[in-house]
Amino acid sequence: MELTNQQKYWITGATSGIGRALCIELAQLEHKLIISSRNAEELGKLALEYPKLIQILPCDVSNNEEMAELFSTKMPTLKNLDGIFLCAGVCEYIDLPKFNLDAFQKAVAINYLGTVNSCAAAYPLLSNSVSDMPNKKPFIAGLCSMSSYLGFPRAEAYGASKAAMAYFLNSLRADIGDKIDVIPVYLGFVKTPMTAQNDFPMPFLISPEEAARGILNKLTKRPLRINLPWRLHAVLGTFSKLQRLWYQTIIPRMRRSRNVT
Ligand SMILES: NC(=O)c1ccc[n+]([C@@H]2O[C@H](COP(=O)([O-])OP(=O)(O)OC[C@H]3O[C@@H](n4cnc5c(N)ncnc54)[C@H](OP(=O)(O)O)[C@@H]3O)[C@@H](O)[C@H]2O)c1
């Protein structure tokens with residue numbers, strides 16, 4: 001990826017956390033950005049900081065009708081995109097014995113189907129940037145989660161939606177990877193408004209700025225996937241090979257620390 005060559009990127013979930021940090025990093029490198037979230041006012045404030053570089057495109061990624069016509073109705077003159085960063089997402093926890101169906105529906109509609117809607121909306125524009133040079137292919141980078149490596153308490157809705165998102169991206173790569181790089185970004189814990197609700201220890205917690213820089217740095221090599229931070233990836237990767245230890249030793253400790261019996 002030519003980060004110094006003023007490319008054109010679309011960032012969803014741009015008003016907060018990792019998406020916002022990515023916007024700032026990319027705008028400082030003078031890339032042109034189209035930024036989305038549901039909050040037009042917040043998008044406008046961010047755009048004011050870089051008026052020559054940022055255009056706003058408010059949308060709800062879970063709104064199928066709106067997303068199907070997003071660029072054709074709201075940005076009809078836009079011809080191409082060099083890459084997209086799919087950061088829009090929500091975290092919904094479950095408190096058993098209540099299987100809160102609303103939480104499942106919201107997580108699936110935004111995290112999974114929102115990713116599908118975003119890829120479908122951007123696909124024609126990414127296709128117009130197809131290049132024969134390997135590191136100049138357009139790309140789709142989607143923020144997935146290491147929570148999908150293993151079962152985590154209360155993550156029945158969130159973790160499943162992020163696992164579906166990751167599978168979707170890997171499958172999409174199998175179909176279009178010769179023309180467009182599709183890169184799931186598996187994140188550990190990042191200190192954002194989303195994780196502010198977490199009432200448990202978050203090992204290897206990183207800042208949104210560290211996450212954004214780490215993603216952009218690794219993206220230059222066009223890997224099949226990005227794991228960030230690598231230390232949590234290594235720990236969870238080991239436990240995913242030792243699942244009895246995870247479910248019989250580590251998970252009961254997590255439950256006890258939350259006083260859940
Ligand atoms: N933070 C972590 O530790 C962590 C770990 C693993 C994965 N991730 C993933 O990384 C991504 C960003 O997380 P974050 O921590 O930066 O979260 P965040 O600070 O809560 O930001 C989420 C962003 O998504 C937008 N959004 C939410 N629902 C939307 C919708 N229906 N349509 C359009 N935009 C929507 C929000 O803006 P509006 O509400 O204004 O629309 C906001 O800009 C998420 O996909 C998350 O699952 C985060």
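User: Leaving aside its neighbours within four places in sequence, with which residues is glycine 142 in contact?

Analyst: This is a predicted model, in which local features need pLDDT of at least 70 and side-chain atom pairs count only at pLDDT 80 or more, while totals for chains, interfaces and linings use all residues. Residues are numbered from 1 along each chain as its sequence is written, and side-chain values use heavy atoms, with hydrogens and water left out. Contact means heavy atoms within 4.5 Å. With neighbours within four places set aside, the contacts of glycine 142 are Leu86, Met165, Leu169, Ile183, Pro184 and Val185.

User: In which strand does glycine 142 lie, and is the residue buried or exposed?

Analyst: Helices (H or I, at least four residues) and strands (E, at least two) are DSSP runs numbered from the N terminus, and glycine 142 belongs to strand 5, residues 139-145. Buried means under 20% relative accessible area, exposed over 50%, and partly exposed in between, using a 1.4 Å probe and protein chains only. Since its relative accessible area is 0%, glycine 142 is buried.

User: Which element gives the largest share of the shell around the ligand?

Analyst: The ligand is surrounded by 30 residues, a residue being counted if one of its heavy atoms lies within 4 Å. Strand 5, with 3 residues, provides the largest share of that shell.

User: How far is a nitrogen atom of the ligand from the side chain of aspartate 60?

Analyst: A polar contact is a pair of N or O atoms within 3.5 Å; within protein, one must be able to donate a hydrogen and the other to accept it, and residues adjacent in sequence count only if both atoms are side-chain atoms. An oxygen atom of the ligand is 3.4 Å from a polar backbone atom of glycine 89. For the ligand nitrogen and an N or O atom in the side chain of aspartate 60, the separation is 2.8 Å.
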